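Subject: The structure, and what turned up in it

Hi,

Here is the structure I promised to pass on.

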Amino acid sequence: MEELVTQIIGYLRGMWRFRWWGLALAWVVGFVGSLAIYFMPDRYESSARIHVDTQSVLRPLMSGLAVQPNIGQQIDLLSRTLISRPNVEKLITMADLDLTVQNAQQREALITSVTSRLRIQSGRGDNLFTLSYEDMEPQRAQRVVQSLLSLFVESGLGGKRQDTDAARRFIEDQIRSYEQKLTDAENRLKDFRLRNMALLGTGARDYVTQIAETNEQLREARLELRESENSRDALREQLSAEPSDAGIAPPPIVATPEIDARIDLLKRNLDEMLQRYTELHPDVVGARRVLDDLEQQKKTQLAELSASMGGATFGAPGAMGSGVEQTRLAVAQAEARVASLRARVAEFESRLVSLSEDAKRIPELETEMSQLNRDYSVHKSNYDQLVSRRESANIAAEMSTQSGIADFRIIDPPTLPTKPSAPNRLLLLPLAALVGLGAGFALTFLISQLRPAFSDARQLREITGLPVLGTVSMLSTSERRRRRRNGLVAFGGGLVAYAGVFAAVTVAIVFLQS
């Protein structure tokens, strides 16, 4: 620590020898700095304050019905991105700053200068913004702030309208696209139903139930067929056992098997319908009418056959002269009954085969039907959501046109500055004085290092490494003391005068600006 103090004292003694050089440089630097500060051009700052009111009674009332963007966040983002090159170029045109621009280089310099001097400051959570601009002409500064204020309001409202219009156009395009998709899906579903109408038109009755019912009907028909065949065989045996009348040729078997089969089928169908409907049902009435027509047709054919055989009446006792004819007639009726039942069995078997084949296709049809319904349901759901969003966007657009959604209120209009805001000469003059003193201090240190001298014997011994036998001190006379005292007074007076001059200039500036 002692060595450090000794070294510092040595530096100060060396600098003290060149103190007049430092004082002279301080005066020069201070004077030049003062002149530069004095002749610096004045800059005037114009400012305006605007408040963006994002609170509205409509917002809570329309909650859930309309899309409500975060307007506060949008305004904050707008304030951060407003000072961009396109906006600055528009601002320059609005404020007539480009009237003296001659080439592209000057325009670029103007854009850079305006961008660096524009300021937008926002409060903390109160949506209060301060717009400011500095210029050498107060009227021009006011015009720039007024143009920036208009640009701020227009960008906020125009941005919202553009976003709303773009969203609505996008939703409209999507709705038209999904309308086409829905139309295609409906057409595919319609074509599928038309192609498979016979298989899909069974209603709630499934094919398992139909196959079971058909099997049951087939078993009953086969049972009746066996009974009829047994009855027919018994009649044939009876006919072969009876003696034939040699004098009378056996007449041909007279029967109406087709009509009998249709009559029997209609009777069964009529029984089934009567289990479900009343006597007045149109299907029951129609079936009875058809049955009566068939009975009448059967009687007509039997009468024609009886007339062709000599007027004999079929089924009347003694008409053929013996019971053989009655047995033959019974055999003919049994044959007709067997033929009718065989036709019914064949119909049920064919229906069972058809149902079995259709039942095998049902899973494929159901899968295809499910896929068609799923595609249609997805498109329909998306379409309904888009229509709902479109209505919400329309309501939001109407809300944005109403006052109070985002109200721009000008608190302080752009001011016309009467006093310069820069440069701050009250601060710059003391700084210039300190810079001058620092320059003088640096000069004395530099000269002391360029022209060093030994201030004591110890420093001489340490640097040279030689023993110092002794030192010779200068005798102090009255003349030397007086000269030394006068030098100190003169140096101190120079420093005081330096500080006094800068203080006086600063005070003068204060009075001039007040």
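First, the ground rules. This is a predicted model, in which local features need pLDDT of at least 70 and side-chain atom pairs count only at pLDDT 80 or more, while totals for chains, interfaces and linings use all residues. Residues are numbered from 1 along each chain as its sequence is written, and side-chain values use heavy atoms, with hydrogens and water left out.

The largest pocket has a volume of about 790 Å³, taken as the space filled by probe spheres set on grid points joined across faces, edges and corners. A pocket here is an open set of points on a 1 Å grid over the protein atoms alone where a 1.4 Å probe fits, with protein on both sides within 12 Å along at least five of seven lines; lining residues have an atom within 4 Å of a point. There are 24 lining residues, and Gln217, Asn269, Glu272, Phe348 and Arg351 are the closest to the centre. Helices α9 (207–241), α10 (257–276) and α12 (323–401) each supply at least two of the lining residues, and α10 gives the most, with 9. (Helices are DSSP runs of H or I, at least four residues, numbered from the N terminus.)

The aromatic pair. The whole structure holds 5 aromatic pairs, meaning rings of Phe, Tyr or Trp (its six-membered ring) with centres within 6.5 Å. In one of them, the rings of Trp20 and Phe491 have centres 5.7 Å apart and planes at 85°, so the pair is edge-to-face (over 60 degrees). Trp20 sits in α2 (19–38) and Phe491 in α15 (478–513), so this pair ties together parts 471 residues apart in sequence. Trp20 is partly exposed at 40% relative accessibility, whereas Phe491 is buried at 13%; buried means under 20%, exposed over 50% and partly exposed in between, with a 1.4 Å probe and protein chains only.

The arginine. Arg425 belongs to helix α13 (425–450) and is buried, at 10% relative accessibility. A polar atom of its side chain lies 2.8 Å from the backbone oxygen of Met40. Leaving out residues up to four places away in sequence, Arg425 touches Ile37, Tyr38, Met40, Asp42, Pro430 and Ile509 (heavy atoms within 4.5 Å).

The loop residue. Asp96 has a positive phi of about 60° although it is not a glycine. Its place is the loop between α5 (85–94) and α6 (104–117).

Best wishes

Note on methods. A polar contact is a pair of N or O atoms within 3.5 Å; within protein, one must be able to donate a hydrogen and the other to accept it, and residues adjacent in sequence count only if both atoms are side-chain atoms. Rings of Phe, Tyr and Trp (its six-membered ring) pair if their centres lie within 6.5 Å; planes under 30 degrees apart count as stacked, over 60 as edge-to-face and the rest as tilted.
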